[in-house]
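Subject: Structure handover

Hello,

Here is the structure I promised to pass on to you.

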Amino acid sequence: MKKKTSRKRPAVNRIYYIYVGILAVLFFTFHTIPFLKGVMYSFTDWRGYGDWNFVGLRNYIHMFSDADTGNAYLFTFKFAVITTILVNVISLILACALNAKIKFKNTIKAFYFLPYMLGSLIVGFIFNYIFANLIPQLGKGLGIKALSVNILGTNNAIWGIIAVSLWIGCAFNTLIYIAGLQSIDTDVYEAADLDGATGFRRFSKITFPLLAPSFTINMVLSAKGYLMVYDQIMAMTEGGPGTSTTSIAVLIYKKGFGGGQFAYQSANAVMLFIVVVLISVFQLRVLEKREEKLG
Amino acid sequence: MNKKIVCTLMVGTLLAGMLTGCGGSSEGGSSAKGSKGTELELFSTKAENKDILQKLVDKFNETHEDVTIKITAPADAGTVLKTRMAKNDMPDIVAMGGDNNYTEVESAGMLVDLSGEDYISTVQESYLQMVYDVNKDKEEKAYGVPYATNASGVIYNVDKFEEYGIEIPKTWDEFIAVIEKLQDAGEQPLLMTYKDAWTSLCPWNSMAPDLAPTTFNDDRKAGKTTFVGTHEEIVEKYLKLLDYAQDDFMGLTYDDGNKAFANGEAAMIVNGNWAINQYLNSNSDLKVNMFAFPASNDEAQNYVTSGVDVLLGVCKDSANEEMAKEFVSFMLEPENAKMYIEDQFAFSAVKGVEQENETVAGVKEDIANGKVANFPDHYYPSGFDLSALISEMCLNYTNGMDNEENMNQFLAQCDEKYDIANVD
């Protein structure tokens, strides 16, 4: 019986299998194998070169008593939560503004999208200059003490990095929100108009719920991205002053390659992977439930 | 519509991931043979000496027609070298510092023993000893040949010292007196560039050999002593110096600070001879000189901090070991050694090759007399990131933490982090 039904199914063009096959092979060799190797090394005492032995769970157990790792996780979570929330709030406001019938809309959109096309390293270096030279001069000119020092050399270095991350991140998130806004049927708005819903009420009751799918994507992708933050920090503070802006990814790089702790930091990387997956799955569950309710 | 966006996104992120994933490993093989005979790779961990190395290499290439030497000097070279060691993709010749990066390469058995070569006898023993000291188990074999050495201390603006009639301080008390005199005259006595955390190590490296117990590094490694109880004076003096730093010293980068110093915005800076080149590049009229950091009130204790800045090593498994050895021998010829140190304001490890430049005249005599101490951080384990700890201490200082509390916290941290890093 089964054979018969499968024969009846229209034949799938082989070209799809070839496409998927090639990509699967490439993905497996360049992504999955290195990943699995990394997982394997996390159970060894490999320093990045030379001989190694399996040491079981030693690396993972050590992680819980290592203050550096703890601090890096604290910093990363703080950074990720603040930045994810801010980037979504700002992008949403921007998208709504850009979706309104204003003049020079496309030009302004282009401006907002520009940061996304620059590499975050380059943006980091540019802001490094701005924070070190321009802002302190401005602060001194205006007599504001808090602004007259390089923020990256103080306790507030995290805010400097957040500001830059927002500047880079808003572009992409805004784009998704604009796409979401454009897919909302104008009939809905007309109906809302007739019912007298305007301004913030219209946003909270109609626009925002209908943006739910875009919101889900943005929340998940930005949370994932900011939990793995690396390039902005390397360009701006290299984890300093002290270790106050050392994110997990920065710690893994610095200690793993520079400090000869390759295996230990592989364990850390595996841990980060698990944490990111758990958080993403959790977010997806919660946000998709919300979508269903609204839908 | 939404499905489409999701799909595009997913594909986009996948592709982006693949691209970044591939970026790191796109270096070509090192031992590629050119059409014109053999090609050797010289890996240098020092970005500042690339030009002069190139000149020397060109000179070597002229006389050896069938050989070409290619220089690799990437950013963050120590890390790159270790990564390449992981891939078993070593260059033929390395030119690197006599520091813990060297120890890692040497202890992994990557270098050829050059003790039997003729030129070893032309090298100053004190520097050869420094290389032995950082060999695994202090083995007395020349896996690396000391080539150029550096000096760290106080670099000062000669014009400003003359203007205020200041004598070179020989003791800590005199040093503080000089600083106060400059400050009273409205000058910025000390410039600090702690945005780049490594520069915060310079005063430490200058003070620790003068003030810490002489056997500290060996004892600490064996767990017989601790930073707590031996380094209090150093930290106290370190914090004292911060009182005289400019505003926002945590926010100034090394590059910007060098420009500021070159333009006469400060009288002194604690750094090393490697920075002098940078000052003169921004202001060729600047007159600078150097003196040994007077950390102690006992003049005899105030050493010039001088370490092996560049040593040359030949890698095992190099297909062209003989040619690589010949290149090292070429580099150590007095004429070539001289050429190198003149360009770099450095000192030579080759006997009889002296630095005659005025910009470092103040420490020349001490170096010739062997009144030198190696950089203490060359003996610390490589996972021990002291600069981050010092930078944290300085941050606490700017936040107004009590000095006593700051010191205790810092020293306790030093011991804790040292123990974590001190594993074989």
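Let me start with the interface, where 35 residues of chain A are in contact with 29 residues of chain B (contact means heavy atoms within 4.5 Å). Please keep in mind that this is a predicted model: local features need pLDDT of at least 70 and side-chain atom pairs count only at pLDDT 80 or more, while totals for chains, interfaces and linings use all residues. Residues are numbered from 1 along each chain as its sequence is written, chains are lettered from A and ligands numbered from 1 in the order in which they are written, and side-chain values use heavy atoms, with hydrogens and water left out.

Between them, chain A and chain B bury about 2,900 Å², with 61% of it on carbon and sulfur atoms; buried area here is the accessible area (1.4 Å probe) that two parts lose on being put together, summed over both. There is 1 salt bridge between the two chains (a side-chain nitrogen of Lys or Arg within 4 Å of a carboxyl oxygen of Asp or Glu). Asp68(A) and Lys417(B) form it through their side chains, at 3.1 Å from N to O.

On the side of chain A that touches chain B, the elements giving two or more residues are α2, α6, α7, α10 and α12 of chain A; helices are DSSP runs (H or I, at least four residues), numbered from the N terminus. The largest share, 5 residues, comes from α12(A).

The largest nonpolar core has 140 residues, and Tyr147(B), Trp204(B), Met268(B), Leu386(B) and Phe410(B) touch the most other members. Such a core is a set of buried Ala, Val, Leu, Ile, Met, Phe, Trp, Tyr and Cys residues joined through side-chain atoms within 4.5 Å, where buried means under 20% relative accessible area, exposed over 50% and partly exposed in between (1.4 Å probe, protein chains only). Helix α16 of chain B (residues 386-398) gives the largest share of this core, 7 residues. Beyond its neighbours within four places in sequence, Phe410(B) contacts Trp204(B), Val235(B), Leu386(B), Leu389(B), Ile390(B) and Met393(B).

Trp204(B) also belongs to α8(B), where it is buried. In that helix (residues 201-211), 11 of the 11 residues are buried, so α8(B) is largely enclosed by the rest of the structure. By contrast, Glu162(B), found in helix α6 of chain B (residues 158-163), counts as exposed because its relative accessibility is 56%.

Best wishes
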